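Please look over the model below alongside these comments, which are meant for a reader who will want the cut-offs stated.

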Amino acid sequence: MLGYPKNAGIPFLDPDDIFKMVVTIGQTLIQLAIVYGQLSLLAFGGANAVIPEMQRQVVDVHHWMSMREFAALYALAQAAPGPNMMVVSLIGWRVAGFWGALVTTAAVAAPSSVLTWLVSGAWYRFKDANWRKALQAGLQPVTAGLIMASAALLIESTTLDWTTAAVTVVTAALFIFTKLHPMLILGGAAVAGAIGLVG
């Protein structure tokens, strides 16, 4: 019989437990692929446009993490250099490790990329068509609304007290009314957190 003797001090992995673990991980990866494949086709304006639906799926529907964890991963993704869809990979990593990150990244990139490739010829061919202009005009406010909903959701989940609310208001004002570099604003918020003014 294969395996370690019970008195060897090395835990014996029951094949049934291994099978259950593999099935559970496989089911989670399939669920991640379905969720992020659907989000891919809704993400007009990028991953930030579907943050509310992403949060609903990850936190409320599948219970993979709390709202605070979701907001923390989003903040980490936004603070790091690189594409704004990095939050997708971080959520996949948090839920199912390396394979989760790989599956979520592929699921959010592949469907929209394939769709774009399939319709790009017709989209360019009809660049002066009235229906295309109307479609683009209709998508612009929808995209802006989706991004505003994302901002509202993140404000709600990260505003814990008056200090975090103040940081949100000051940050928004600085971004809107000044030409300060975003890294200066992020750095200022980081310093405020590090010295205990926020949080």
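This is a predicted model: local features need pLDDT of at least 70, side-chain atom pairs count only at pLDDT 80 or more; totals for chains, interfaces and linings use all residues.

1. Residues are numbered from 1 along each chain as its sequence is written, and side-chain values use heavy atoms, with hydrogens and water left out.

2. Helix H3 covers residues 67–79, helices being DSSP runs of H or I with at least four residues, numbered from the N terminus. Its 13 residues should span 18 Å at 1.5 Å a residue, and the end C-alpha atoms are 18 Å apart, which agrees; the expected span is 1.5 Å times one less than the number of residues.

3. Met67, Phe70, Ala71, Leu73, Tyr74 and Ala77 of H3 are buried (under 20% relative accessible area, with exposed meaning over 50% and partly exposed in between; 1.4 Å probe, protein chains only). Seen down the axis of H3, these buried residues fall within an arc of 160°, so they line one face of the helix; the arc is that of the directions from the helix axis to the C-beta atoms.

4. The cover over the buried residues of H3 includes helices H2 (51–61), H4 (86–125) and H5 (130–158), where contact means heavy atoms within 4.5 Å.

5. Leucine 118 belongs to helix H4 and is exposed, at a relative accessible area of 57%.

6. Histidine 63, in the loop between H2 and H3, has a phi near 55°, a positive value in a residue other than glycine, and counts as exposed at 60% relative accessibility.

Key:
Helices (H or I, at least four residues) and strands (E, at least two) are DSSP runs, numbered from the N terminus.
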